Structure formats: C-alpha cells, structure tokens
Amino acid sequence: NKRISVLSVPIDCVTMDEAVQRILQLTEQPGLHLVATANAEMVMLANENPTLHTILNDASLVVPDGAGILWAAERQGEHVPERVTGVDVTKELFKVAATHHIPVYCLGAAPGVAQRAVDNLAAQVGELNIAGIHDGFFDSAEEQEIIDTIGESKAKLVFVALGVPKQEQWIAEKLSHLDGVVAIGIGGSFDVLAG
Ligand code: UDP
C-alpha cells in the first residue's frame, strides 16, 4: 500500500479491510508492531514532539483516522480511500480476534471502562480470548505487572488507550521486546465502545 506524507508524518493509504488484513499479517512477523491512528491533532503534535515524530516514522502502520488527514491528502493530489478510525478498527479487530481466537490485551481508560467495552463487543462478535484488561491509571509496580502479563499471556493484539502521545510512547518504550505482537494506540475508543 502507498505511504504518503502529511506535514512530514507518514500516512498509509489503506481501507479498513486492508488495515485489518495488514495487522493480522503483522502478528505473524517478528518484532513489535506499532499501529497509530492519525488525525490532524496527532500530526500537529508530531511536528512539535520529535519523540512522537520518530515513533510514527518507525510505525508499522499509520491509518488515516481523521477527516483532516483525508482533506490534507486530497490537497496534495493524493487519495486516501476512507477514514479508518480507532473505534471502527477496534471493532473490526475484535471481530477477527473472536473468529480466529486471537488473544487480546486491553490497556487504558478509567477503571471498569475497558471491561464494559469488551463486554459490549463480545455481545456483538461472540466469545473473545481476553489475555488481560487493565485501566490506564497505574503506578510503576502495576506497570511492570501489566508488561509481564502482556508478554506471558501471548497476547497478539494489544489495545492501548492512554491518549496521544502517551500511548505511542508507552508502546515504543515498554513493549519493544515483544515478538509477533501488534500494539495499537486507540485514544478514547474504549470510552466510546463502553457506551
Ligand atoms: N487515559 C488513561 N491514562 C492516562 C491518561 C488518559 O487511561 O494517564 C485515557 C482516558 O481515560 C481516555 C483516553 O486515555 O480513555 C484518552 O482519550 P482522548 O479522547 O483524550 O484521546 P486522544 O484524543 O488523545 O486520542
């Protein structure tokens, strides 16, 4: 798939279906794969935050989340087929995770929120293989437990909802030792999916 640049931030021109297929492939490839969902705010922030910028340049996949990204791409004469939002990609990935029994770890949002989101999703997609769930407000001892659990549970998809850029930095710093794992920053998606 074509990778374009919006204000020097990479954007992959993928549809939702292509993003989901690519993410599934990445779970079978060595290393930790970071997936980012880009909107205008993230692009602006990356231009002020070199750490975030580097992380996005190194990301395995940067999906076009915001309408502003599609607009900016059109202005450059590029075509991004559709929005691939954090909420929608989370729903789609849970669907395939249920079908293929892929273990999933959910990190972030206020206590109870991710669990409610998972319960709502399970009602739609069927039984899920949940490797673990933790809220996004933890101390360093809990953090180590979270990291250990993600590794030991053999989670293949890790959803991280700590807000931008905390979630991207957390994934890059704390999960880089994992192998055949996709970690995706999903911002406020658990709040939305918890209904
Ligand atoms: N959050 C968290 N831990 C933190 C800070 C934020 O779990 O230390 C969660 C917060 O509860 C919310 C999400 O991160 O669920 C951030 O949502 P927001 O819509 O602000 O995300 P962004 O706009 O940054 O993508």
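This is a predicted model: local features need pLDDT of at least 70, side-chain atom pairs count only at pLDDT 80 or more; totals for chains, interfaces and linings use all residues.

User: Why does Asn120 count as partly exposed, and which residues does Asn120 touch beyond four places in sequence?

Analyst: A residue is buried if 20 or more other C-beta atoms, placed from the backbone, lie within 10 Å of its own, exposed if 12 or fewer, and partly exposed in between. Asn120 has 15 C-beta neighbours inside 10 Å and therefore falls in the partly exposed class. Two residues are in contact if their C-beta atoms, placed from the backbone, lie within 7 Å; setting aside residues up to four places away in sequence, Asn120 touches Leu193, Ala194 and Gly195. The C-alpha atoms of Asn120 and Gly136, by comparison, are separated by 19 Å, although the two are 16 residues apart along the chain.

User: Which residues of α3 are buried, and which exposed residues does the face turned away carry?

Analyst: An α-helix has 3.6 residues a turn, so residues three or four places apart point the same way. In helix α3 (residues 50-58), the buried residues are Leu52, Ile55 and Leu56. They lie on the same side of α3 because they cover an arc of only 95° around the axis, the arc being that of the directions from the helix axis to the C-beta atoms. The face turned away from this buried side carries the exposed residues Pro50, Thr54 and Asp58. Among the elements that cover the buried residues of α3 are β2 (9-12), β3 (32-38) and α8 (166-174).

User: Which residues have the most contacts inside the largest nonpolar core?

Analyst: In soluble globular proteins, nonpolar side chains tend to be buried together. A nonpolar core is a set of buried Ala, Val, Leu, Ile, Met, Phe, Trp, Tyr and Cys residues joined through C-beta atoms within 7 Å. The largest here has 64 residues, and Val158 and Val160 have the most contacts inside it. Leaving aside neighbours within four places in sequence, the contacts of Val160 include Leu107, Trp170, Ile171 and Ile184.

Conventions
Residues are numbered from 1 along each chain as its sequence is written. Helices (H or I, at least four residues) and strands (E, at least two) are DSSP runs, numbered from the N terminus.
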